[in-house]
Amino acid sequence: MEHKQEAGIVYCLSRKSVDQTAFYLSEQGYRALPYHAGLDSQTRSRHQARFLSEDGVIIVATIAFGMGIDKADVRMVIHLGLPRTLENWVQETGRAGRDGRPAVGVALLAESDYRWLHSRSHADGVDSE
């Protein structure tokens, strides 16, 4: 990965995929921390503080992460799955490169992501079409 020593955010669709992805990235030598609503508040606060204060930390998160986050040197935002809406994708990807330096936004999608999101939207009473 081009930005191995730089800050990044990886968005996942589920808590399980957050945990698995953070573990995988850590095993590959990245400083990756999970962040989702299933973690206790102290762990979430500690991981968020590390992301904001340390260089090269990657937060792997559900959409529970990001509101109010202002870290200028985020070099990459990666979506491992389909964001809930185009607006979410724009807002989340916009967290990269706020310092004016080059940054990347990547979405890695599969057909199963659409099916998962579509089933969740109907379960939440949201019309996704």
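Two strands are said to pair if DSSP finds at least two bridges between them, and the strands themselves (E, at least two residues), like the helices (H or I, at least four), are DSSP runs numbered from the N terminus. In strand 3, for example, isoleucine 58 is the bridge partner of glycine 8. The structure is a predicted model, in which local features need pLDDT of at least 70 and side-chain atom pairs count only at pLDDT 80 or more, whereas totals for chains, interfaces and linings use all residues. Residues are numbered from 1 along each chain as its sequence is written, and side-chain values use heavy atoms, with hydrogens and water left out.

The protein contains 4 helices and 5 strands, and from the N terminus on its elements run β-α-β-α-β-β-α-β-α. Of its 129 residues, 38% are buried, where buried means under 20% relative accessible area, exposed means over 50%, and partly exposed lies in between (1.4 Å probe, protein chains only). Among the contacts (heavy atoms within 4.5 Å) with a separation of 6 or more, 67% are between residues 24 or more positions apart.

The strands form an open sheet of 5 with the order 2-3-1-4-5 and parallel pairing. Its edges are strand 2 (31-35) and strand 5 (104-108), each of which pairs on one side only. On average, and with direction ignored, neighbouring strands of this sheet are turned by 15° against each other; here axes are lines fitted to C-alpha atoms, for helices over the stretch in contact, and angles run from 0 to 180 degrees between N-to-C directions.

Strand 1 pairs in the parallel sense with strand 3 over 4 bridges and with strand 4 over 6 bridges. On the strand 4 side, alanine 7 stands opposite valine 74 and glycine 8 stands opposite methionine 76. Strand 1 is mostly covered, with 6 of its 6 residues buried: Ala7, Ile9 and Tyr11 point one way, while Gly8, Val10 and Cys12 point the other way. In a regular strand the side chains alternate between the two faces of the sheet. Strand 4 (residues 74-80) is also mostly covered, since 6 of its 7 residues are buried, and it pairs with strand 5 in the parallel sense over 5 bridges, with isoleucine 78 standing opposite valine 106 in strand 5.

We turn next to the helices. Helix 1 (residues 15-27) has 13 residues and reaches 18 Å from its first C-alpha to its last, close to the 18 Å expected at 1.5 Å a residue, the expected span being 1.5 Å times one less than the number of residues. Which residues of helix 1 are buried? They are Ser17, Val18, Thr21, Ala22 and Leu25, and because they cover an arc of only 130° around the axis, they lie on the same side of helix 1; the arc is that of the directions from the helix axis to the C-beta atoms. An α-helix has 3.6 residues a turn, so residues three or four places apart point the same way. What covers the buried residues of helix 1 includes strand 1, strand 2, strand 3 and strand 4, whereas the face turned away from its buried side carries the exposed residues Lys16, Phe23 and Glu27. Helix 1 is followed by glycine 29, whose phi is positive, near 100°.

Helix 2 (residues 41-53) packs on the sheet, where it touches strand 1, strand 2, strand 3 and strand 4, and its direction makes about 140° with that of strand 2. Helix 3 (residues 86-93) lies across strand 1, strand 4 and strand 5 and runs at about 150° to strand 4.

A nonpolar core is a set of buried Ala, Val, Leu, Ile, Met, Phe, Trp, Tyr and Cys residues joined through side-chain atoms within 4.5 Å. The largest has 14 residues, of which Ile9, Phe51, Ile59, Phe65, Val74 and Val77 touch the most other members, and strand 1, strand 2, strand 3 and strand 4 each supply at least two residues of this core. Apart from it lies another core, of 11 residues, among them Val10, Tyr30, Ala32 and Ile78.

Glycine 66 is found in the loop between strand 3 and strand 4, and at 5% relative accessibility it counts as buried. Leaving aside neighbours within four places in sequence, glycine 66 is in contact with Tyr11 and Arg95; the C-alpha atoms of glycine 66 and tyrosine 11, 55 residues apart along the chain, are separated by 9.8 Å.
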